Structure formats: C-alpha cells, structure tokens
Amino acid sequence: MNDLHEPFLNRDADFSPYRDMAFDLSAMARKDMAVNGDKVINATIGSFFGEDGKILTFKTVYDSFDRVPAGDKARYASDILGNPDFREEIFNWINRKNNISLPHTVIAAPGGTGALYLMFASCLEKGQTLLIPDIFWGSYNLMAKKENLRLDHYTLIDENNEVTIEGIKRKSAELMERQGKVLVLINDPCHNPTGITLGKEKWQQLISFFNELSEKGPVIVVNDVAYLDFGYDIENVTDYMSCFNDISDNVLIAIAYSCSKSFTSYGVRLGADILLSRNQETLNHLEAALKRTCRSCWSNVNNGFMHCFVDVMKNHREEYIREKNEAVRLLQKRSQLIMDEARSCGLPLYPYSEGFFITIHIEDHDLLNRYHNALIANHIYTVRFRKGVRIAVCGLPLSKCRGLALMMNQIYQEVIND
Ligand SMILES: Cc1ncc(COP(=O)(O)O)c(C=O)c1O
C-alpha cells in the first residue's frame, strides 16, 4: 500500500509506476535490434518463436479459428462457467490418459492468469498467506497483493542443486500451524523460470503428505500447468495426475490450465480451472462461488476460441498433436544445445528438465544485477528473477542458441572477476 493517498483511488490501490520486466526488456531488445540487427539476442518473452524468427501459430488451430462463424465469435458464451462442450473437452484433454477418476468440474477463465486469480481470490481470507516457490512467475505476487494476501516461499532445490519437495513440505506444515489452512501453488511440470519438473514419484509423496496435513485443516493445491503441453516426455506428461485420485476429503486440487502456450494463443485469453475433490458438494459450492467472481470480473470468456478448441479436439486432434509435438521437439533441441554448452563451461544453472525457460542460478543480489546489466551491454536480453537470470529458449532459433551459454559464461566470469 502507498504512504501517499490518491483521492480518486481507494486506499489499497498501488499507483507507483508499474513496470513489467519481460515486456520492458523485450521492448529494449527490439530497439537495440533496430540498430544492431542480428547481434542482439532477445531471450525475454515467454512465447514460442519459430526458426524463422516469427511467432509460431499452429495451422490446425488458426484454420479452425478462421472457420468459426463471425456470429459465434461475436456472441457471449452460453454459460458464465464456459460452454458445456468446451468444459468437457478441456477435461478430456487433461484426462487424456483416463487416469483421473475423481468428481470434477471445469471453470473457464481468461487464460491461466484468470484460472489462478479465481483460486487466489476465492479461497483465502484477506491477510492470509499464499505459499509459492522462492523463484516464481511475477504475476503470482501481483495477484496476491491485489487480494491483500501475504506470500511465503518454498525452495525447489537442495544444497546440491537437486530438485527437492522437502521445502514444500516444511513450509506447508509451518503454514498449517499458523493459519489452519494451506493454499500452495505448484507450477509443474516445466516450472517457470527454472524448467524444473517434479515427476510422478515426488507428486505421489506430496499427495500423501498433503493428505496427512489435511487432518489439521483444508489443503488447496493449485497446480499451475501453463507449460504442461511442452513437457518432453510427450506421451506421459499427465501421468503424475493419477496420484490426485488418492486425495483425502480435506484436500482440493485445482489444475490451472492455459491455452496460451498449448494452442499458441497468448493474446486470445482462454484457460480453465479443473477442480478435483472427493466431495461433489464441495465442487458445487466452489462452482457457485467462482461463477460469481467470473461474472463480476470478466463476465464470460472468448466464445469463438472455445468453439475452435472444441473443433480441434473433436475433428483435428491428431493433426494438432503432430504440429504441437514438432514444436516440442524443436524446443528440446534448442534447450539441449544450451544445456550441453552450459555443462561444458560450468555455467551455474538450476536443474532444468524441460520447458520454455532455462535459468542461471545467482543468489547474490548485487552480482545478479551486475550480471544482468553486463548481459544487456553485450546485447543479450534476459529477464532477471529474484535468484537468477532467465533465458527464454522458446523464443530463440537454434542459430541463436548455439554459443549462447559459452558467451553468457564468459560474461559471468568477467563480472565475477571484476
Ligand atoms: C507460470 C505461468 N503460469 C501461468 C501463466 C498464464 O498464462 P496465460 O494467462 O497467458 O494463460 C503464465 C504465462 O506466462 C506463466 O508463465
């Protein structure tokens, strides 16, 4: 909250200038590119770009979208919760392995952002604490502030730079002691910004831990799966979800899905919450409460794109999957190049598994700032996070990935030795 008061705004409004690092740095990179051309590396924005340097758009998706009649694009959705066939197809897509057997409901939202906001705004009291990773997508922080929530953080790595769930467990247990209720955000698979994926075994352990914890109070697990469809083990990316079937009565799962990356539709604004609970009545209550938030905040979601999603899933699924998988394989090639080089020169990375982003791990704040600035001075644009510098591999053609880690390591060594 501001010390100053702007009489036209309410007291909670934060009117300090808002700067979005990713958008601002990308604009800087574009300016630099106008002068220095190919020398510039823009690794800031989390959208997939093809090898031709243009944003990738799946043909299957946009051909289908073009076929949606203008009237359907113009019309309101048939239901505030989302069109019934869209809700069904989203669930089918998430449950593609038929491995979720719990009562469920789906609530359409404007992107993963909307799906996350619905949960944050609905499940905690003002002043309560939301648990998120210690390196995280910045919008969680904004949403929490907007809803007057506090944040606490868990670590995803141990002292040997190995992925661990001990941080999630410890912080959740502490929060339950303090608050009597836990809402924990787990951005998995393909965590933004580190590329960490927990895997099925760790998820199983987490669910049995949350079950035990839920004897002391309700546990809400919000699983942010924005990058799910860019996991490298393509056939098995949703396998871990079978462990959700084991949740106890006092655990609620919200899978926050985004169409942005999976359907190359960032600007379209479509996503959904898939809510899973043992108890149908709980789902009815959530549906009714969240419906009011939908209606009051954005009314309904993009009707034309819901039609397109249903058409792709029902009539062009195999073509779509082939096209998407090609993009996943390309991302894998790009990240492999960077990872191999980074290993060869010892660039200190978070333990990347898969996904849009690779992040250099730097804890020291001053070093982090100096390094980030030195990269910019060398025409390399990345996004600075709390404990690292993020390379958006999704936006870099292979030619730009080649040599990048070596270059970044050289600059890192120069900054350290400065
Ligand atoms: C971690 C994470 N979650 C959710 C989202 C939501 O994306 P959208 O609102 O475009 O669906 C993003 C987008 O960048 C993200 O990085």
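Sort the lining of the largest cavity by class and you get 6 nonpolar, 2 polar and 1 charged residues (Ala, Val, Leu, Ile, Met, Phe, Trp, Tyr, Cys and Pro count as nonpolar, Asp, Glu, Lys and Arg as charged, and the others, Gly among them, as polar). Those lining residues are Pro 133, Tyr 154, Leu 156, Ile 186, Asn 187, Asp 188, His 191, Ile 196 and Leu 198. The volume of the largest cavity is about 50 Å³, and the structure has 1 cavity of 30 Å³ or more.

Here is how that works: on a 1 Å grid over the protein atoms alone, a cavity is a set of points where a 1.4 Å probe fits but cannot get out, while a pocket is an open set with protein on both sides within 12 Å along at least five of seven lines; lining residues have an atom within 4 Å of a point. Points are joined across faces, edges and corners, and a volume is the space filled by probe spheres set on them.

## About the model

This is a predicted model, where local features need pLDDT of at least 70 and side-chain atom pairs count only at pLDDT 80 or more, while totals for chains, interfaces and linings use all residues. Residues are numbered from 1 along each chain as its sequence is written, and side-chain values use heavy atoms, with hydrogens and water left out.

## The second largest pocket

The second largest pocket holds about 230 Å³ of space. It has 16 lining residues, and Pro 218, Ile 220, Leu 252, Thr 282 and Leu 286 are the closest to its centre. By class, the lining splits into 9 nonpolar, 5 polar and 2 charged.

At least two lining residues each come from helix H5 (111-123), strand S6 (219-224), strand S7 (251-258) and helix H10 (280-297); helices (H or I, at least four residues) and strands (E, at least two) are DSSP runs, numbered from the N terminus. H10 gives the most, with 5 residues.

## Helix H11 against H12

Helix H11 (residues 303-315) and helix H12 (residues 317-345) cross at roughly 100°, with axes coming within 5 Å (axes are lines fitted to C-alpha atoms, for helices over the stretch in contact, and angles run from 0 to 180 degrees between N-to-C directions). H11 and H12 are therefore roughly perpendicular; the cut-offs are under 35 degrees for roughly parallel, over 145 for roughly antiparallel, 65 to 115 for roughly perpendicular, and oblique for the rest.

Val 312, Met 313 and Asn 315 of H11 meet Arg 317, Glu 319 and Tyr 320 of H12, contact meaning heavy atoms within 4.5 Å.
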